[in-house]
Amino acid sequence: MTTPNFDEQIKRIGTNCAKWDALESTYNIASDEGLAMWVADMEFKPPQSVLDALSSMVDHGVFGYYGDQTSYKNAIVNWMDRHHNWKIDPAWIFTTHGLVNATAFCVQTWSKPNDAVILFTPVYHAFARIVEANGRRVHESPLIDKDGRYVLDMEGLEKSLKGDETMLIFCSPHNPGGRVWSKDELKEICDFCIKHDLLLVSDEIHHDLVFGDAKHTIMSLMGEDIKSRLVMMTASSKTFNMAGGHCGNVIIEDKKLHGEFDATLKANGISCNSFGIRMTEAAYNGGDEWLEALLAYLSENKRIFDEGINAIPGIRSMNLEATYLAWVDFSGTGMDRAEFTRRIEKDAKIATNNGPTFGSGGESWQRFNLAAPRAQIIDAVARMQAAFGDMQ
């Protein structure tokens, strides 16, 4: 394999890029002056196997409906076995237009209007948006920040139940906190859902992006008793930077749940995106060494960012066990949100995700995307240190 050049500066401005081309309209930051560290995609090209697959499609020149998913599903099966010790049947796999789309279909399949869906907050902002857009209520269970990492408050959650909860959406590994949940914590979640008759949706889109000694455990491996109420969501998009392919997988072992989800997809006329299918297959078949190189690169980006940000008095970057999304707390500065976001956006000219969009517990936080060439990470640290220079 040719070593990936993650240091390559790829110009995305003017390419219909949500992350860069919306800088000015969203943050009032000129795209040629700012750093886009908000939208969760990477600044890197995917593995060469993906580029080759797309080139082959272009060379063929006919872009019709995709048929026969055998090789595609086998690629997923082999990847999950190879990287996660999870043996799945190809027949369990559904394909959706990404996992936000999949989340909406889960909400529509297994809850009714005015039902409550449990989220451990702060958490990926699209969950609450989808739940509320479908006329359901978000039931927040705030995570506890203990010794610089998030832990579950299952006792507090149990006391807060109102009786209208029908589903729990769990983010594993956690976005934005970067937690890789222990087997004991996953067992708590499973036991809770069984006790309270909840459908469990486990979003594991970041399961390949795990650092150091941390070990991600697939929720489906937590025992047979959870499978009758478990829906697994995975995708290649975060791992290999292919979000534009809009290709996610919903993997359901239980036959009853499988049939119910199948009915929802049929009712909505869902068929697969041939580009996303081909990209996913190529990535899973040829991306192992690329991913290994990526994790090493991201790990060093994370070290540089955390070291520089944590050197600013009053600012703390939570230690990530997974994902490439730094979660930074500004509560120690004594500033209100308007002031520290002004410094980030106006002084440092950096676009980040606002913590409150992730729900309760995010009020003093901002999310920074670290999946960029190292020069950009070094630049971001320097900009932040200058913007908060009076704290030194």
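Author: Here is a quick run through those topics.

Author: This is a predicted model, so local features need pLDDT of at least 70 and side-chain atom pairs count only at pLDDT 80 or more, while totals for chains, interfaces and linings use all residues. Residues are numbered from 1 along each chain as its sequence is written, and side-chain values use heavy atoms, with hydrogens and water left out.

Reader: How much space lies in the largest pocket?

Author: About 1000 Å³. A pocket here is an open set of points on a 1 Å grid over the protein atoms alone, where a 1.4 Å probe fits, with protein on both sides within 12 Å along at least five of seven lines. The volume is the space filled by probe spheres set on the points, which are joined across faces, edges and corners.

Reader: And which residues are closest to its centre?

Author: Ala40, Asp41, Lys238, Ala243 and Gly244, out of 45 lining residues; lining means having an atom within 4 Å of a point.

Reader: Which helix gives the most to that lining?

Author: H5, with four residues. Helices are DSSP runs (H or I, at least four residues), strands likewise (E, at least two), numbered from the N terminus.

Reader: Switching to the backbone: which residues does a cis peptide bond join?

Author: One joins Thr121 and Pro122, with omega about 0°, and another joins Ser172 and Pro173, with omega about -5°. Pro122 sits in the loop between strand E3 (116-121) and H6, and Pro173 in the loop between strand E7 (165-171) and helix H8 (183-195). Most peptide bonds are trans.

Reader: What about Thr323, buried or exposed?

Author: Buried, at 1% relative accessibility (buried is under 20% relative accessible area, with a 1.4 Å probe and protein chains only). Thr323 also has a positive phi of about 75° although it is not a glycine.

Reader: Last topic, packing. What angle do H3 and H11 make?

Author: About 140°, with their axes 8 Å apart. Axes are lines fitted to C-alpha atoms over the stretch in contact, and angles run from 0 to 180 degrees between N-to-C directions.

Reader: Which residues of H3 make the contact?

Author: Ser49, Val50, Ala53, Leu54, Ser56 and Met57. On the H11 side the residues include Phe275, Arg278 and Met279; contact means heavy atoms within 4.5 Å.

Key. Buried < 20%, exposed > 50% of the residue type's maximum accessible area, 1.4 Å probe, protein only.
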